[in-house]
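I opened the notebook to work through this structure one topic at a time. My notes follow the order in which I looked things up.

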Amino acid sequence: MRALSNLRVLELAGGVAGEYCGKLLADFGAEVIKIEAPGTGSETRRMAPFAEGAQANENSGLFAYLNTGKRSVTLDLGSDAGRQVLQRLLARIDVVLDDHAPGYLEALGIDPSRCGSDESGLTVCCITPFGYDAPPDVHKAYSLNVFHSSGWGYHSPSAPDPGTPPLQGAGRFVVDYESGLSAAIALMAALYWREDSRRGQFIDVSQQESLASLSDYVLSQMVDGAMDVSTRRSAFDLGGPATFFRCADGYVYLFISEPGHWKGLSTLMGDPQWMTEFPDRWLELHLTPERIERCRTHIGEWMKDQQKMDVVARAQKLGIPLASVNTAADIVESPQMQFRGFFVEVEHPVLGRRSYPTVPYRLSATPAGIASAAPLLGQHTEQVLSGVEA
Amino acid sequence: MGAASMTPLSTGPLHGVRVIELTKIWAGPYAGKLLAFLGAEVIRVESLDSLDASRRFGVKDINAAPGFQAVNPGKCSIQLNMKSDEGQRLLADLVKKSDIVIENLRPGAAKRLGFGYEQLRELKRDIIAVAMSMHGQEGPLSYQTGYAPSFSALGGVCHLVGLKDGAPKLLNVRYGDSSYGSAAAFAALVALYHRRRTGEGQYVDVSAVETLASVVGDAFMEYFLTGKVPTRNANRHSEMAPHGVYPCGDEDWISIAVRTQDEWHALCAAMGNPALAADPRFVDRAARQQHAAELDVLLEAWTKPQDAQELGERLRARGVAAFKSLNSIDLVSSDHLWRRGFFQHVSDPARGEMSIAGAPWRLSLTPAKITRSAPRLGEHNDYVFGELLGLSEAERERLVAEKIVY
C-alpha cells in the first residue's frame with residue numbers, strides 16, 4: 001500500500017530543492033509528473049556526478065537520485081500551445097510544486113494568490129530563497145548564498161580557524177535538501193486539511209527560514225535576548241573538550257560532557273594516571289581552557305594508534321558517545337545500514353543497475369520505496385498527454 | 001465534561017490532531033514543535049522524576065529555561081510519574097484520546113515503560129507511533145548512542161566539511177537534531193494522511209544517522225557511479241567558480257557564487273577589470289575551477305576593503321549572486337524576517353511577551369498562529385486530567401499528593 005497513491009503532483013521545479021521535495025512524495029507513491037523543456041530538460045541533468053561514457057543529459061547521478069519514481073513530460077512552456085496543454089493538464093492535478101523565482105507561475109497562467117478560491121482543491125507550493133514576497137533584488141540566490149543568509153554559514157564550521165573563511169556546509173545541497181523537506185512537511189499538513197475542507201491553498205516556503213528554523217535552539221534564545229548575539233564566528237558553539245581525533249585509519253568524534261563519560265574513557269584507555277589529576281565533575285563544573293587542551297592532548301596521543309571502527313565499538317560498550325567520521329564508503333559498508341536496507345539497487349536504462357540511498361524513516365504499513373528509475377527526458381510525454389490533448 | 005466545553009488551544013491545518021511527546025532535549029521536541037506550528041495540540045509528558053535536562057541548562061528556574069523555551073512554544077505540558085502504575089494508566093488513558101505519539105528515548109525504553117508500538121496499538125488501534133533514535137530501533141549498532149555531532153560524523157556530513165588537507169569539521173555543533181526532527185515530522189504526517197484515508201495507523205522508525213546521510217545523498221551517488229570517495233574541499237563546487245566566502249573589512253564576509261559566463265563577465269565588469277574575463281586562467285568554468293585558488297586571492301584582495309552589504313547590492317544589481325554572510329546580530333535584526341513573521345512575539349505569563357523563531361512556511365488559508373510561549377512544567381495538568389480525562393478536582397489533588405502527577 002502506498003500512502004500517497006491518490007495524489008497527482010505536477011513538478012514544474014527544476015532545482016534540487018523542488019526535485020528533492022517531489023522525490024520525497026514519489027517515494028510514498030504520489031504520481032509525480034515532471035515537466036521539462038524539450039531538448040534540454042532539467043538543469044540537474046547537467047550536474048555532477050556523471051557516469052563515464054553515458055549519453056549527455058541522461059548521465060547525471062544527481063538527476064537519477066532526485067527523480068526516481070517520477071514521469072517526465074517535455075512541454076515547451078515558452079509557447080502558447082505548451083501553456084494551453086499545461087492548463088488542461090492542471091485540471092487533473094492535486095499539487096503544483098515549483099522552485100523558480102516568484103513570477104514564474106504567474107507567467108504560466110497559475111496565480112498562487114487565487115489558490116483555494118475555487119473548488120479545484122489545487123494546492124501550490126513554491127520554494128524560493130527568501131520567500132515569495134521577497135524583493136526582486138534577492139530572487140537569484142544559489143545554495144551558498146542562502147546558507148550564508150541563514151546564520152549557519154557565518155557561524156560554520158564550529159571551532160573555526162580564524163585564518164580561513166567560513167564554509168559552504170557539507171556538499172553542495174544542504175540548503176536544498178533541508179528546504180525541500182520543509183516544503184514536504186507543510187504540503188502534507190495542507191493536504192491533510194484538504195481531505196475535509198476540499199480546499200487547496202498556497203504554500204510559500206523560504207529556504208532562508210527553513211535553514212534558520214533548524215537553529216531554533218540558539219536562534220530563539222538570541223532573538224529573545226537570552227543568549228548573546230555577536231559577530232563571533234563561534235557564537236553557536238558549545239564549550240567543552242568534545243572534538244575530532246585522528247586515528248590510525250581516519251578520524252573519530254568524541255563527545256564527553258558528564259562524569260559517566262569520563263569514567264568510561266578512563267577504562268577505555270587503561271586508567272591513565274593523568275586523568276586522576278582532573279577534579280571530580282570537571283566536565284560540568286570546572287572547565288578551563290587549560291584542562292580542555294591538556295585532556296585533548298592526552299586523548300589525541302592515545303587515539304592516534306587506534307583503528308576507528310574498533311575503538312568506537314569498544315567505547316560505545318562503555319557508554320561513551322564516540323562516533324567514527326564516516327566516508328560514503330564506510331556508510332555503504334556499515335552493517336547497520338545494510339541491516340536497515342538504507343541502500344537499494346535500481347535499474348536505469350542508461351546508468352545500469354546501481355545502488356541508491358533511500359530515506360531515514362521506516363513506516364510499517366506504508367513503507368517508502370523507489371518504484372522506478374528516474375525517467376529519460378520526455379519518456380512519458382505521449383502517455384501522459386494523450387489523455388489531455390483530446 | 002462535554003466536548004463543547006473544551007477549549008481549542010490552536011488552529012491550523014492540523015487543528016484537532018493530538019500529539020503526545022515522550023521526548024528529551026531537542027530532536028523529538030523539534031518534531032513536536034513543527035506539528036504544533038501546524039496547529040496540532042502537542043502535549044509534552046514530563047516529570048520532576050526525570051526532568052528534561054533542557055529545563056535545567058543554565059538556570060535555577062525550570063520554568064524559565066531559555067533552551068527549553070526555544071524548542072517548545074505553543075505546546076502543553078503535563079506531569080506524570082511514569083514509574084508509577086497509576087501514572088502509566090493515566091498515560092494509557094491519554095493515548096486513547098490521541099493521534100500521534102512521538103518518543104526519542106533509547107531504543108527499547110518506551111516498550112519497558114509499557115508504551116512500545118504493540119502496547120500503544122492495544123490502547124488505540126489506529127495510533128501513529130513515531131520512534132526516534134540514532135541508528136534506528138534495531139540492528140547491530142542500535143545499542144550505540146550519541147548527540148547531534150555524532151549523527152553528523154556517522155552520517156557522512158563531517159567528512160565533507162573542512163579544508164582539503166585539513167581535519168574534518170562540524171558543519172556546526174548544533175546541526176543535526178532539528179533536521180532529524182523534521183524527518184520524523186514529515187513521516188508522521190504521511191502516516192496521518194494515510195490514516196485519514198484508510199483508518200489504518202502505523203509504526204514509524206526514524207534514524208538520525210540516515211537523516212544526516214540524506215543531506216549529503218548525492219555523495220553516495222558519486223561513490224556508486226565513479227568509485228571515488230567524495231571528500232571535503234572547502235568551498236569548491238563542481239558547477240560554479242568562483243564559489244566562496246570572501247572577507248569584507250575585519251569581521252564581515254560576502255558569499256559570491258558564479259554559475260554562468262554572463263555572471264562571470266558581470267563580476268569582472270563590477271571589479272573594473274573586464275580584461276580578467278579574457279585571461280586564459282579564468283576564461284571558462286573549467287579554467288576557473290582549475291585556477292580557483294588564484295581566483296580566490298584576486299577576489300579576496302578586491303572584497304577586503306569593501307562593505308559587505310553595499311557590495312552585495314552592487315553585484316546583485318549586475319546579476320551576480322552575492323550576499324553578505326549574516327551573523328547572529330544581522331539575523332535577529334533582519335527587517336525581512338520580522339516583516340514576514342518568521343520572528344514573532346508570543347505571550348508569556350511570567351514576562352508578558354517573548355520573541356521566538358517561528359515556522360519556515362506560510363500557508364495562505366490555514367496560517368497556524370503560535371500565540372503562547374513554552375509551557376511551565378505541568379501548566380496543562382488541569383486541562384488534560386480534568387477536561388480531557390474527566391478527573392474530578394479531588395482526584396487530581398490526590399494524584400498530586402501521591403506524586404503521581406509529579
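R18(B) has E41(B) as its bridge partner in β2(B).

**Entry 1: confidence**

I am working on a predicted model. I noted its scores as ipTM 0.98 and pTM 0.98. Chain B has a mean pLDDT of 95, and 98% of its residues reach 70 or more. I marked residues 1-9 of chain B, where the pLDDT is below 50. Beyond near neighbours in sequence, that stretch has 13 contacts in the model.

**Entry 2: the seven-stranded sheet**

I traced the sheet that holds β1(B) and β2(B). It is open, has seven strands and runs β12(A)-β6(B)-β5(B)-β4(B)-β1(B)-β2(B)-β3(B). The pairing is mixed.

Helix α3(B), residues 85-95, packs on it and touches β1, β2, β3 and β4 of chain B. The direction of α3(B) makes about 150° with that of β1(B). Helix α16(B), residues 381-388, also packs on the sheet, touching β1, β2 and β3 of chain B. I noted about 75° between the directions of α16(B) and β3(B).

**Entry 3: the three-stranded sheet**

I moved on to another sheet in chain B. It is open, in the order β7-β8-β9, with antiparallel pairing. Its edge strands are β7(B), residues 243-248, and β9(B), residues 321-324. The twist averages 20° from one strand to the next. How many bridges join β8(B) to β9(B)? I counted four, with β8(B) spanning residues 252-257. S255(B) has F323(B) as its bridge partner in β9(B). Helix α12(B), residues 292-303, lies across β7 and β8 of chain B. It runs at about 35° to β7(B).

**Entry 4: a hairpin in chain A**

I then checked β10(A), residues 343-348, and β11(A), residues 352-357. They pair in the antiparallel sense over six bridges. The two strands form a hairpin with three residues between them. V344(A) stands opposite Y356(A) in β11(A).

**Entry 5: the interface**

I turned to where the two chains meet. In chain A, 151 residues are in contact with 146 residues of chain B. The two chains bury about 12,800 Å² between them, 63% of it on carbon and sulfur atoms. Which three residues supply more of chain A's buried area than any other three? They are Y192(A), E209(A) and Y217(A), with 7% of the area that chain A buries against chain B.

I also listed the polar side of the interface. There are 17 salt bridges between chain A and chain B. I counted 68 residue pairs in polar contact between them, both residues being at pLDDT 80 or more. Helix α6(A), residues 174-197, gives the largest share of the side of chain A that touches chain B, 16 residues.

I looked up two salt bridges by name. E43(A) forms one with R259(B), where the closest N and O atoms are 2.7 Å apart. D204(A) forms another with R340(B), with the closest N and O atoms 3.0 Å apart. Over all chains, the count comes to 54 salt bridges.

**Entry 6: backbone exceptions**

Most residues other than glycine have a negative phi, and most peptide bonds are trans. I therefore wrote down cases that depart from this. A cis peptide bond joins A48(A) and P49(A), with omega about 0°. P49(A) is in the loop between β2 and α2 of chain A. A241(B) and P242(B) are joined by a cis peptide bond too, with omega about -5°.

R198(A) has a positive phi of about 60° and sits in the loop between α6 and β6 of chain A. A234(B) has a positive phi near 50°. Its place is the loop between α9 and β7 of chain B, where P242(B) also lies.

Technical notes
Residues numbered from 1 in each chain as written. Chains lettered and ligands numbered in written order. Predicted model: local features only at pLDDT ≥ 70, side-chain atom pairs only at ≥ 80, totals over all residues. Heavy atoms only, no water. Pairing = 2+ DSSP bridges. Contact = heavy atoms within 4.5 Å. Axes fitted to C-alpha atoms, helices over the stretch in contact; angles between N-to-C directions. pLDDT = per-residue confidence, 0-100. Buried area = accessible area lost by both parts, 1.4 Å probe. Salt bridge = Lys/Arg side-chain N within 4 Å of Asp/Glu carboxyl O. Polar contact = N/O pair within 3.5 Å; in protein donor to acceptor, adjacent residues only side chain to side chain.
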